[in-house]
Amino acid sequence: MGLAVPYVTGYLSEHFADDGFASLDGYERRGGYQAARKALKMAPSDVIELVKASGLQGRGGAGFPTGMKWGFMPTATDKPKYLVCNADESEPGSFKDRILMERGPHQILEGILIAAWATGASTTFVYVRGEYEHPARCMERAIAEAYQKGYLGPKVMRSGFRHDVVLMRGAGAYICGEETGLLESLEGKKGQPRKKPPFPAEYGAFGMPTTVNNVETFCHVPHIVARGVEWFRGFGTGKSPGTTLFGVSGHVVRPGLYELPLGTRLDEIVFEHARGVPDGRKVKGVIPGGMSMPILPAGQLDVPMANEFLRERKTMLGTGGIMVMDDTTCMVRVGVVVSYFFRDESCGQCTQCREGTGWIHKIVERIERGAGVPEDLDVLLDVAGKMEGQTICAFADAAAWPVQGLLRHFRADFEAHVRERKCPFPASFEL
Amino acid sequence: MSPIRIHVDGHELEVSEGRTVLQALDDAGLLMNGVDVPHYCWHPKLSIDGSCRLCQVEIEGMPKLQIACNTPVRDGMVVHTLTERVRRAREGVMELLLVNHPLDCPICDQAGECKLQDYAYEWGVEQARTREPRRALKKNVELGPTIVFDQERCILCRRCVRFCREVPGTGELGVFQRGDASVLETFPGAKLDNPYSMNVADICPVGALTTRDFRFKIRVWFLEDVPGICTGCSNGCNVDLGVANNRVYRYVPRRNDQVNDTWICDAGRMSYREIGAGGRLREAGVRDAAGVLQGASLESAVAAAAARLSRLVEAKGPGVVAGVASAHATNEDLFTFRRFLEELGVENSGVAVIRGEADALLVKAEKAPNAAGARAMGFGPVSTVIDRIRSGAVDGLVLMGHDVLHESLLGGVQGLARLDTVIVLDTHQSALHRVAHVVLPVRHAAEKHGTLTNHAGRVQRVRPAVEPAWEAWSDGEVLMRMGDALGFVGWDEGWDVRATSRELSMTVRAFAGITIDSVGEGGRPLAGPAGDPA
């Protein structure tokens, strides 16, 4: 099956090898939609408490506690409430949501139904990354099946609960994965994150109370409801429970998806599961959580993949997209690729991000060309520092952190470019 | 609801719920006036954008710096705007804003009133660290008939975008592309040509948007700002008159939340040109025996006017004389005119007001600044005067201004041709001069002290911004001297606008307690009802 099925599976992906699992019948044969039936018999507030107790953290990158987020939705309001399933997976290095949509779309819909019941949402907007043609079709097919079966629509599973799911395709902007940038795009506007306050739970899609969750986050919910908090907390660490889908790419023998408990060591994932770097070369650095997360050098891979441990190494889990680079890699070229991406994708409203991403890219690109000066390195760190934590959304942080990470661990690469006035890594990937 | 108190740099502020820190400072009159929180995208009369990031402040209990423009106040909040962290953040924003800025202040017309320049000096870094080329973008873009745009200087604060969407509601402008490729432009096919378009130049903090009318006329540091009132209609928008070399170079709106917020319509803004342009009445005139209007000194013209009036009243009594007041004159002028007519025994009078288009924002139908003042003074509609003229009952007419020519019932200046005595006090030349026996040049509202009453009955101050290059008195002074020549008792004291203002406040009930010195810069509402009857 290649990429379509994780090499290591867990509760999310154990049936992904079964082609029928993507259909409603196949999903139900494997016990699907039982958790939703169970949840609909519970009080909504009890469902929220259950998810809170499970310790589930959002899998979209920020790791915000899911139950707490649901709890922000107002209960005393006469406005319609909305959910958004964030399927705009656009973090370079991340490809888990795509597989979750292709292989298990009903698992997502069941999670959506439970979340909708818990928060009192009348409609869920599934916002799918523009480039994800096939995943969008898989989701659309599943949504149609669920309507036909009466699992969506005016009387969900013959209860008095109404829920609608609307699929919307993005147009290819990274920033539309940021939850309020997504809401703007959803409303047909230019994808630019909104200032907060107001937060989406107060003023979200079309001005209504809204909760935005990542695709994978929804997928965990039916399992928590079906099998309980204790079972769920049997996976992962105390602070970061459950499994996640690690996407491994780059210089490894077996790139692909691996469903493993949070807290699994990075070196175990890289060397055992992904079978290390090919052709007898060595690892130089690993980006642990998608391109916006700071890189770790080869000597620091003995870290459990959970935020409480990664933070000590000044990086984060992000979306779990692990990118491995071998010892031929020029880290300045990595910097050029990364900084170009963020320069290109910055929405441009905040001063620091608009100007900082461009400036950083220009400097790194100049260093790679051999035209760097020694002061450039400190300017890079200074500009990154001025961007970090000062803007409407976390994009500026996401643009600043990788540069900081590269300079923290691979300053020597940058210095060698400046000293030799050329790139000293001729065997590295080409720009 | 218990009041919310916040502390900002040691100032205690009582603020209303739902306001943000920057709004609270603005409400208290402290913003940039005791508490300096530099800002670009925030504007008191536009929606909050939160994107320039310059107004970051430190708030106790919050780990990150917060933007003051969008952080709601909470009771007991303690805000610091001058900490080292804040200073560093401001420095960062300023440095980044200049990464792509052309730094062309020596040839930029905004220099001297540029917030980028000001804040860069105050908060920025001295040396640029950029080695990369700056963005090369469009220069001298004509966004519409009034505004010229320099794309390179734009800092993308989007004030102009929000203005067009939120104030005139026309939405011609947008920011296109993303990241450091972002550019301000008009939407395809759109022109920035709404009736309020020039306000974007005022709110543009940098030299990106300038008005075609004012740009390159003069360096702004040569201008003195004299507070005054736009005379284009009865809204009475507050303006600063930019003055140098005894010339008014521009009007810029002056904030008055009761009148015009921070805006002015383009037509009103351009009305500054009526002060100094051709068409002003620059010399008094007296019609000689041959029927030719001969130039005369103001003093001799006043004497000639008094003599004609005196002769007429002695021959036929004051019942054949009528007066037409001008809604362009000040309250003090109009009060003097009222007293003048009373002393003469004239009962038939009215005020001529040109009516035109109005809009839902600022523009009012009455195209003069003091129609409400004239009405409050007791001047009724001019139609009663015209009726009497048409019936042949009027032989003498004292006219302030020439707006009466717009009254269709008068039948133009020919309607006055048979009158024995026509005396005209005016700022500008008009067709009236073909029939007038005496014409007397008077001062524009920008050339004298006084007050004007706007459509809503707000009395507002004007003061001399420029001095006419010819001999001209205010209407009140002309009338005072004419009254003296007519032998009115007590009219020999000379013109004193303050004394007149005090007397007005004691005589006319609507003006009780309102004098030239008590209205302040923001104006004060009339005590009684006044306003546009239509």
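Predicted model: local features only at pLDDT ≥ 70, side-chain atom pairs only at ≥ 80, totals over all residues.
Start with the place where the chains meet. On the chain A side, 35 residues are in contact with 34 residues of chain B. Putting the two together buries about 3000 Å², and carbon and sulfur atoms give 47% of that area. Six salt bridges are counted between chain A and chain B, while the count over all chains comes to 75. One that runs between the chains pairs B:Glu95 with A:Lys386, at 2.8 Å from N to O. B:Glu95 sits in helix H2 of chain B and A:Lys386 in helix H14 (residues 375-387) of chain A, so this pair ties two chains together. Both B:Glu95 and A:Lys386 are buried. Another salt bridge brings together the side chains of B:Glu132 and A:Arg366, with 2.9 Å between N and O.

B:Asn100 also has partners on both chains. This residue is found in the loop between helix H2 (84-97) and H3 of chain B, and its relative accessible area is 7%, so it counts as buried. Apart from neighbours within four places in sequence, B:Asn100 is in contact with A:Glu355 and A:Lys362 from chain A, and with B:Pro133, B:Arg134, B:Arg135, B:Glu152 and B:Asp180 from chain B. As for B:Arg135, 35 residues separate it from B:Asn100 along the chain, yet the C-alpha atoms of the two are 5.6 Å apart.

Other salt bridges stay inside one chain. In chain A, A:Glu415 pairs with A:Arg411, the closest N and O atoms being 3.2 Å apart. Both residues belong to helix H15 of chain A and are four residues apart, about one turn of the helix. A:Glu415 is partly exposed because its relative accessibility is 37%, and A:Arg411 is likewise partly exposed, at 26%. In chain B, the side chains of B:Arg153 and B:Asp150 meet at 3.5 Å, N to O. Here B:Arg153 is buried, with 7% relative accessibility, and B:Asp150 is buried too, also at 7%.

Back in helix H15 (residues 395-420) of chain A sits A:Pro402. With a relative accessible area of 4%, A:Pro402 is buried. Beyond residues up to four places away in sequence, A:Pro402 touches A:Met291, A:Ser292, A:Pro294, A:Val338, A:Phe342 and A:Asp397. Its C-alpha atom is 8.4 Å from that of A:Ser339, a residue 63 places away along the chain.

Next comes helix H12 of chain B. Eight of the eleven residues of this helix (residues 475-485) are buried, so the rest of the structure largely encloses it. The buried ones are B:Asp475, B:Gly476, B:Glu477, B:Val478, B:Leu479, B:Met480, B:Met482 and B:Gly483. After H12(B) comes B:Gly487, which has a positive phi near 85 degrees. Further along chain B, B:Thr515 lies in the loop between helix H13 (497-507) and strand E23 (524-525). B:Thr515 is buried, at 16% relative accessible area, and touches B:Ser501, B:Arg502 and B:Ser505, leaving out residues up to four places away in sequence.

The structure has nine cavities of 30 Å³ or more, and the largest cavity holds about 100 Å³. It is lined by 18 residues, and those closest to its centre are B:Cys154, B:Cys157, B:Arg158, B:Cys160 and B:Cys204. Helix H4 (159-166) and H5 of chain B each give at least two lining residues, with H4(B) giving the largest share, three residues. By class, this lining has 16 nonpolar residues, two charged ones and no polar ones.

The second largest pocket has a volume of about 1300 Å³. Its lining counts 41 residues, of which B:Glu113, B:Lys115, B:Asp202, B:Ile203 and B:Pro253 are closest to the centre. Elements that supply two or more of them are helices H3 (115-123), H5 (199-203) and H6 (266-270), plus strands E10 (209-211) and E13 (247-253), of chain B. In this pocket the lining splits into 19 nonpolar, six polar and 16 charged residues.

How values were computed:
Residues numbered from 1 in each chain as written. Chains lettered and ligands numbered in written order. Heavy atoms only, no water. Buried < 20%, exposed > 50% of the residue type's maximum accessible area, 1.4 Å probe, protein only. Contact = heavy atoms within 4.5 Å. 1 Å grid on protein atoms, 1.4 Å probe; cavity = no way out; pocket = protein on both sides within 12 Å on 5 of 7 lines; lining within 4 Å. Points joined across faces, edges and corners; volume = space filled by probe spheres on them. Nonpolar A, V, L, I, M, F, W, Y, C, P; charged D, E, K, R; others polar. Buried area = accessible area lost by both parts, 1.4 Å probe. Salt bridge = Lys/Arg side-chain N within 4 Å of Asp/Glu carboxyl O.
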